[in-house]
Amino acid sequence: MAQSSTETDWVSRFADEVIAESERRAPGKPVVVASGLSPSGPIHMGNLREVMTPHLVADEIRRRGHEVRHVISWDDYDRYRKVPQGIPGVDDTWADHIGKPLTSVPAPAGSPHANWAEHFKAAMVESLAELGVEFDGISQTRMYTSGAYREQILHAMKHRHDIDAILDRYRTKDKTTGQPKAKAQKQQQKPVDEAELAAAEGSGAAGEDDGSGGSAGYFPYKPYCGRCERDLTTVTSYDDETTELTYTCVCGHSETVHLREFDRGKLVWKVDWPMRWAYEGVIFEPSGVDHSSPGSSFVVGGQIVREIFDGVQPIGPMYAFVGISGMAKMSSSKGGVPTPADALKIMEAPLLRWLYARRKPNQSFKVAFDQEIQRLYDEWDKLEAKVADGTALPADAAAHSRAVRTAAGELPRTPRPLPYRTLASVVDITAGHDEQTLRILSELDPADPLASLDEVRPRLDRAENWITTQVPADARTIVREEPDTELLRSLDDEGRESLRLLLEGLDTHWSLDGLTTLVYGVPKVMAGLDPEAKPTPELKTAQRAFFALLYRLLVSRETGPRLPTLLLAVGADRVRKLLAA
């Protein structure tokens, strides 16, 4: 029985709804939620939302003591549509395989995997394990080629005219001529209003393959050719009684088979998806905005599952796109699209889970691969502190709980989570040298020095990966080897005095907090103010000028890592050498 949760987060609300719906439809049976992923190329961060949305709901249902099954359908029997750009080990010859099932396309050169689909599935499976996602993976190649869907295929072919009529309510073009339908025709059929029709055209949803037939009529089934293995086939005849089907292919091959014994083909997408809803008994499955437009697969599928397969459409919230800082909308067909594996190299699993848990599915967000990741980690650390002292808002606390643990237990975490920006600055300066890194980090808090780098892992490793893979070489911090004597000689008395005050205070302020007080306090003392005085606009200007001077003397630039961290990293002796006027 669904509980009335005191939590106000979106996951709890969907869990309530899904449990109630499951008990209405299939009492006593496991709750089924579903995701679908096509391993047509790198499975990117937007695709991850297809998994995380039902995962979070499924995990909440498990926490409440219900049995739940999260199905991930690997759409590996889909056709290979295009050669993605920027894939190592892939060249133009892979275009020869366009039209074949993804599992019949060779893996990129050098891959240990059996085929194209397995190559791209493997990375996602590994990432999902790290993210704590429990799922039941189903290969659609295996389902179709084993004959698991044979009865559903025969049923769809028998009711092809009914399917065609449903699809025709949403078609904005004539299925045989490809020309726009007459307005009178639209009015007669009354499929959707004019605005919805325009939206369907604009979204690309109307262009999804629905199996529109030629002179022989409509068929919702597409065979893969027995000679070239491609789906460039046309069904020319079908007999409902004998299930005898004849097709031709653009390669010149023609074949007659008995569909009750034939397993080398699949239902077209707009029929395949609702068929699976009924077959698996799916209660909850989200879909992207491109599948939720008028005339698209989710909308049409709701009628097909009910009218053809005697099933019920899942609760299906639309989810918004996920972007990357500094990048446009993601597409697997373009090179350089970050994947969950890429994200997990620079951020810990709980943080990545949190990004998907804290936003409602219909809210878009971006995953930070640039400097924004430092602010994101600061926000996460503040939330952790609020959760620890009990001041976090209920929805924020719920999102945090979903990020750090699943129904199966806690996810691995960094024992001593020092600020990400501090770790990034240190490994930037030390170039990842462990001894130097430990020396600097142990000096951050002399009262509780770090004893081992293991205390700050895996966060330290993620910060180092971010520095080495995402920060351009010309933006890396390189500490000067020798003093900038020309700049030092050019300083006026005020500049020399500010450096003297800084050097004088190093010994007594040698900790992160102490150096923070020191670098902000020097301009205050120079202005005749108390080191604890609140900053004024004039004082802030003086502080910025002082900071810029220190950066120029230390790293030959006017900006860089936070100065207290930089000073610790450089070390007191070397700071004295570079700043002594």
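Two strands are said to pair if DSSP finds at least two bridges between them. The model shown in these views is predicted.

**View A. The protein chain as a whole contains 23 helices and 14 strands.** The chain has 581 residues, of which 50% count as buried. A residue counts as buried when its relative accessible area is under 20%. Among contacts in the protein chain with a separation of 6 or more, 69% are made by residues 24 or more positions apart.

**View B. Strands β5, β6 and β7 form an open antiparallel sheet.** The order of its 3 strands is β5-β6-β7. Strands β5 (233-238) and β7 (254-258) are the edge strands, each of them pairing on one side only. On average, and with direction ignored, neighbouring strands of this sheet are turned by 25 degrees against each other. Between β6 (residues 244-249) and β7, the antiparallel pairing extends over 5 bridges. Which residue of β7 stands opposite T246? The residue in that place is T256.

**View C. Strands β1, β2 and β3 form an open parallel sheet.** This sheet has 3 strands in the order β1-β2-β3. Its edges are β1 (31-37) and β3 (136-139), and each of these pairs on one side only. A parallel pairing over 7 bridges links β1 and β2, and within it A34 has V71 of β2 as its bridge partner. In a regular strand, the side chains alternate between the two faces of the sheet.

View D. The bridge partner of S73 is I138 in β3. Is β2 largely enclosed or open to the outside? Of the 7 residues of β2, 6 are buried, so the strand is largely enclosed by the rest of the structure.

**View E. Helices α6 and α10 pack at an angle of about 155 degrees.** Helix α6 spans residues 160-168 and helix α10 spans residues 297-307, and their axes are 10 Å apart. Because angles over 145 degrees count as roughly antiparallel, α6 is roughly antiparallel to α10. The two helices make a right-handed crossing. From α6, the residues I163, I166 and L167 meet V300, Q303, I304 and E307 of α10. Sorted by class, the residues of this contact are 5 nonpolar, 1 polar and 1 charged.

**View F. Helices α19 and α21 cross at roughly 75 degrees.** Two packed helices are described by the angle between their axes and by the distance between the axes. The axes of α19 (residues 493-505) and α21 come within 11 Å. Since an angle of 65 to 115 degrees counts as roughly perpendicular, α19 is roughly perpendicular to α21. The contact brings S498, L499 and L502 of α19 together with F546, L549, L550 and L553 of α21. How many nonpolar residues does this contact hold? The contact of α19 with α21 has 6 nonpolar residues and 1 polar residue, with no charged residue.

**View G. Residues D310 and S556 each have a positive phi.** Most residues other than glycine have a negative phi. For D310, phi is near 55 degrees. This residue, D310, belongs to the loop between α10 and β10 (318-319). Is D310 buried or exposed? D310 counts as exposed because its relative accessibility is 72%, and the exposed class begins over 50%. For S556, phi is near 60 degrees. S556 is found in the loop between α21 (537-555) and α22 (563-570). With a relative accessible area of 43%, S556 is partly exposed.

**View H. The peptide bond between R457 and P458 is cis.** Most peptide bonds are trans. Here omega is about 10 degrees for the bond that joins R457 and P458. Where does P458 lie? P458 is in the loop that runs between α16 (434-442) and α17 (459-470).

Key: Residues numbered from 1 in each chain as written. Predicted model: local features only at pLDDT ≥ 70, side-chain atom pairs only at ≥ 80, totals over all residues. Heavy atoms only, no water. Axes fitted to C-alpha atoms, helices over the stretch in contact; angles between N-to-C directions. Helix = DSSP H or I, 4+ residues; strand = E, 2+ residues; numbered from the N terminus. Parallel < 35°, antiparallel > 145°, perpendicular 65-115°, else oblique. Left-handed = near helix turned anticlockwise from the far one by under 90°. Contact = heavy atoms within 4.5 Å. Nonpolar A, V, L, I, M, F, W, Y, C, P; charged D, E, K, R; others polar. Buried < 20%, exposed > 50% of the residue type's maximum accessible area, 1.4 Å probe, protein only.
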